Amino acid sequence: MRSGEHFFNCVEKYLVMNCSNSSVYLPHILITGTPGTGKSTLANQVAEELQWSHINVGEFARENNCLEAYDDTYQCHVLNEDQLLDELEDVVQNNSCVVEYHGCDFFPERWFSLVVVLRCTTEVLYDRLTARGYSSQKIEQNMQYMLIMRSLFGGLARRSILTRLMSSDADAALQINNRSDGITLIRLNRPKKFNAITYEMYDGITNTLCSARDDPNVKAVAFTGTGKYYCAGNDLMNFASHMAAEPEEIKELVKNAGNILEKFVDSFIQLEKPLLAFVNGPAVGIAVTTLGLFDSVVAVDNATFNTPFTILGQSPEACSTVTFPAIMGNAASSEILLFNRTYKAQEMRELGLVSDVVAPSNFESHMNSKLDAIGKLPIKSLVYSKQLIRRPHRERLQAANKAECERLVERWASEDCKEAVINFIQSRSSSKL
């Protein structure tokens, strides 16, 4: 193919121009990209054309026992990076090599004269990974990385695959139980995704809370999760959709995302009926910050609470800049909002965010008993009491919500946020084959 010949000619010219004067290191090429982009095919062709050695890092690691463990979640081995580099060092010192691997962050920069990043359309990648029998979680992780790479190196990612990945379980992601005693129970129901919140779920929760506010028969609203997690916070595919856009589109996308978030949080502020959270496992990000707007938070004793905003280049939301210092004090709120500290359930109870801590074996029965008890209370007494508690603080909460969302819109469009999200995703996957 002419395009292939052109590629090889460009590679040869680059190597002649940039490596001919090197007397210390042999030239090497790294070909990287997500699984399914054609790394092996291209690496083999380049190695044959240049008559260099071809190293598939995954195969090399297995053949030389450079593996630490097997990750059942992502169905892949974890590299022993130090041992792998030691084994590769001898090879690259004596041979010019074409190296292929889906990551590049742990290789010494001095090894490579040229790094080639492969990408393809998201439709093609999705079909290739599906044909390989990858799990939905492993496909989603690779799709996230591809979308980020497309945003960094140009090109518009197609939205159809995003819709397929994010919305395939949207209808079942929220289970709404309008009990006969006036309690509305919202159950986050994406256990395989740790109940991470998609845009569709944001809209669903907002609409449910607005309906509960206006329904004279609803006494209270409760939240819980399905599976081991309460909620892993924002689905990272939300960020990938922003990063995959053309530069002129990003501003409008993040503005729309900010509007969705502001309406979402406002639906909590405006609900003048008791809000209860039954935290059945780890809570992350917005699943934690919204708890400051609840009237009762019951947590299982192995639950944890973390808001990794600064790790992801972002800033707090859900009025937590107001509610957290008021509830737990400046020092403790700064630890979680600024410095990414993870608190345990008992610690959060001592700080005042959690009302009660319950053993896992008693959690469901405790939740049902508490909801049953609230269901027997007179509705007007509950509503009027909540109004007296909330109304003096409503304007301040709304102002905080608006300011937080404005800052987040700026953060989501920023280069340092993009870089932070990329680093986070790479840190989760770079050592996995």
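I looked up the largest nonpolar core and found 76 residues, with Phe223, Val279 and Phe305 having the most contacts inside it. A nonpolar core here is a set of buried Ala, Val, Leu, Ile, Met, Phe, Trp, Tyr and Cys residues joined through side-chain atoms within 4.5 Å; buried means under 20% relative accessible area, with a 1.4 Å probe and protein chains only. With eight residues, α11 gives the most to this core. Apart from it lies another core of 18 residues, including Val57 and Phe112.

This is a predicted model, in which local features need pLDDT of at least 70 and side-chain atom pairs count only at pLDDT 80 or more, while totals for chains, interfaces and linings use all residues. Residues are numbered from 1 along each chain as its sequence is written, and side-chain values use heavy atoms, with hydrogens and water left out.

Next I checked Val279. Leaving aside neighbours within four places in sequence, Val279 is in contact (heavy atoms within 4.5 Å) with residues including Tyr230, Leu291, Phe305 and Phe363.

I then followed Phe305 into β13, where Phe305 is the bridge partner of Ala283. Strands are DSSP runs of E, at least two residues, and helices are runs of H or I, at least four, numbered from the N terminus. β11 and β13 (residues 304-306) run parallel, joined by two bridges; DSSP must find at least two for strands to pair.

Last, I looked at Glu272, in the loop between α11 (247-270) and β10 (275-279). Glu272 counts as buried because its relative accessibility is 11%. Its side chain makes a polar contact of 2.7 Å with that of Arg391. Such a contact is a pair of N or O atoms within 3.5 Å; within protein, one must be able to donate a hydrogen and the other to accept it, and residues adjacent in sequence count only if both atoms are side-chain atoms.

Note on methods. Buried < 20%, exposed > 50% of the residue type's maximum accessible area, 1.4 Å probe, protein only.
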